[in-house]
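Here are my notes on this one, jotted down as numbered points. Have the model open while you read.

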Amino acid sequence: METPEILQGICAAMDLPLAGLNDLELTGQDPVLPSSFKIGAVAQAAIAASALAAAEVWYQRSGQRQRIKVDMRHAAIEFRSDRYIRIDGGPPPELWDKIAGTYQTGDGRWVRLHTNFPHHRDGILDLLGAAYERDAVAAALGEWTGQDFEDAVAERGLVATMMRTPGEWDAHPQAQALDQQPLIGIERLGDAPPRPLAAAARPLAGVRILDLTRIIAGPVCGRTLAAHGADVMRVTAPHLPSVAALVTDAGRGKLSTHLDFAAEDNRDSLRKLIAEADIFVQGYRPGGIDRWGFSPEEVAKIRPGIIYVSLSAYGHVGPWSQRRGYDSLIQTASGINHAEAEACGQDGPKALPCQALDHASGYFMAAAAMAALARRAEQGGSWHIRVSLARTGRWIQSLGQIGNGFDIADPSLDDIHDLVEDSASGFGQLTAVRHAAQLAGTPTHWARPSMPLGSHPPVWPD
């Protein structure tokens with residue numbers, strides 16, 4: 001399946017008109033990153049979908065179509081943009097905790113740990129009774145079976161998964177639940193009058209987005225909307241952990257404020273922001289944000305006509321729907337790491353060359369949010385969009401594998417200098433990957449610099 005056919009399926013999932021496909025130029029072919037999966041086509045299709053949605057909003061606002069170009073190599077590099085950022089020409093960022101990664105259990109199964117956040121790391125070490133060293137963790141895991149360890153981790157609300165084959169995942173109840181969920185779910189939340197957008201210089205000029213997400217997928221959604229001119233306000237609490245490189249990379253174009261929802265006055269500040277927002281993006285586990293009073297239905301009452309975007313790890317139904325999860329862990333649990341390792345003749349898990357589930361999900365969220373903006377302009381209504389990392393993983397697997405995927409070298413920063421740009425930021429001089437979608441009439445760019453979390457007050461700019 002080639003990118004145009006893949007794109008038609010994505011557009012159909014979002015109910016996005018296909019007219020924009022006539023204005024789209026796609027260049028390049030897989031492999032562009034070393035993988036047996038069609039990572040180039042995945043990246044190109046996801047980013048192109050977001051560009052088509054932006055162009056549709058622009059067409060509504062201006063009556064004008066515009067040419068769009070997405071190069072596959074550039075798209076794939078943007079799918080690992082966090083690897084290439086540099087601050088003041090310094091060293092590459094450290095993205096992983098020292099005990100994160102894969103280990104073999106006593107029964108010969110493999111497990112992957114995600115310990116980037118201190119409370120997850122400390123919980124794993126407490127469960128294992130191990131010192132904070134890889135050798136100690138490996139020795140402790142030798143006393144476990146893979147399934148028992150995965151179950152114990154889930155019971156404690158920690159994050160680790162056991163590697164499965166694709167067939168084992170196909171037979172798993174959560175995979176079967178995912179197959180009953182759409183790749184991109186869009187449902188009407190309630191009634192609201194149509195809200196057409198006035199003419200403006202950029203597709204999302206004047207559109208206000210609240211970004212209550214962390215790590216990669218949700219922040220990539222917000223970064224993409226900012227690239228098309230939206231006012232994006234990232235909301236987090238000062239006590240929540242983060243990964244510095246990801247904050248810097250995904251912070252381009254955004255405002256950033258601190259609100260701790262445990263305090264009523266902070267919740268009131270968020271309600272005031274919602275009352276003037278167009279899109280609300282959150283990455284809590286299904287139902288998790290409801291306890292603060294910000295469920296889809298409650299937010300739609302505060303702001304009729306809101307477009308509410310929910311991101312989850314494993315989908316909103318099924319036995320694993322309440323589990324915490326990250327891209328790397330889902331790759332392991334769902335058979336992707338097994339299939340990748342088998343394709344290159346490697347023992348043990350082999351990760352994809354990028355966090356493809358995260359990035360694809362982020363662009364799907366952005367594309368669907370913009371498609372819903374276009375729908376709201378004509379039909380009105382409040383809308384709820386659902387995307388999950390594991391469902392995106394099922395989609396990536398459904399596209400099949402290629403035989404020559406490892407015939408290409410892994411590109412370093414020296415290999416991609418034509419795809420990066422320098423800009424000022426709140427961290428220093430930032431070198432980062434440019435956005436891969438090129439729109440002839442409204443070129444994508446970030447009007448605001450990346451800034452440390454909490455740099456702005458919780459108010460919309462004039």
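1. H2 and H15 run roughly parallel to each other, because the angle between them is about 20° and anything under 35 degrees counts as roughly parallel. Bear in mind that this is a predicted model. H2 covers residues 39-62 and H15 covers residues 356-379, and their axes lie 9 Å apart. The crossing of H2 past H15 is left-handed.

2. Which residues make that contact? On the H2 side they are Ile39, Val42, Ala46, Ile47, Ala49, Ser50, Ala53, Ala54, Glu56, Val57 and Gln60. H15 answers with Ala356, Ala360, Tyr363, Phe364, Ala367, Met370, Ala371, Leu373, Ala374, Ala377 and Glu378. Sorted by type, the contact residues of H2 and H15 come out as 18 nonpolar, two polar and two charged.

3. H15 turns up again when you look at H14, residues 336-344. Buried in H14 are Ile336, Asn337, Ala339, Glu340 and Ala341. What do these buried residues of H14 pack against? Their partners are E5, H7 (166-170), H13 (327-333), H15 and H16 (389-398). Have a look at the backbone just past the end of H14, too: Gly345 has a positive phi there, of about 70°.

4. E5, one of the elements packed against H14, belongs to an open sheet of three strands in the order E4-E5-E6, paired antiparallel. E4 (101-104) and E6 (160-162) are the edge strands, each pairing on one side only. On average, neighbouring strands in this sheet are turned by 25° against each other, ignoring direction.

5. A closer look at one pairing in that sheet: how many bridges join E4 to E5? There are four, and E4 and E5 (residues 110-113) run antiparallel. One to check by eye is Gln104, whose bridge partner in E5 is Trp110.

6. Last, Ala447, which sits in the segment after E16 (437-439). Is Ala447 buried or exposed? With a relative accessible area of 63%, Ala447 is exposed, because the cut-off for that is over 50%.

Notes
Residues are numbered from 1 along each chain as its sequence is written. This is a predicted model: local features need pLDDT of at least 70, side-chain atom pairs count only at pLDDT 80 or more; totals for chains, interfaces and linings use all residues. Side-chain values use heavy atoms; hydrogens and water are left out. Axes are lines fitted to C-alpha atoms, for helices over the stretch in contact, and angles run from 0 to 180 degrees between N-to-C directions. Helices (H or I, at least four residues) and strands (E, at least two) are DSSP runs, numbered from the N terminus. Angles under 35 degrees count as roughly parallel, over 145 as roughly antiparallel, 65 to 115 as roughly perpendicular and the rest as oblique. A crossing is left-handed if the near helix is turned anticlockwise from the far one by less than a right angle, and right-handed if clockwise. Contact means heavy atoms within 4.5 Å. Ala, Val, Leu, Ile, Met, Phe, Trp, Tyr, Cys and Pro count as nonpolar, Asp, Glu, Lys and Arg as charged, and the others, Gly among them, as polar. Buried means under 20% relative accessible area, exposed over 50%, partly exposed in between (1.4 Å probe, protein chains only). Two strands pair if DSSP finds at least two bridges between them.
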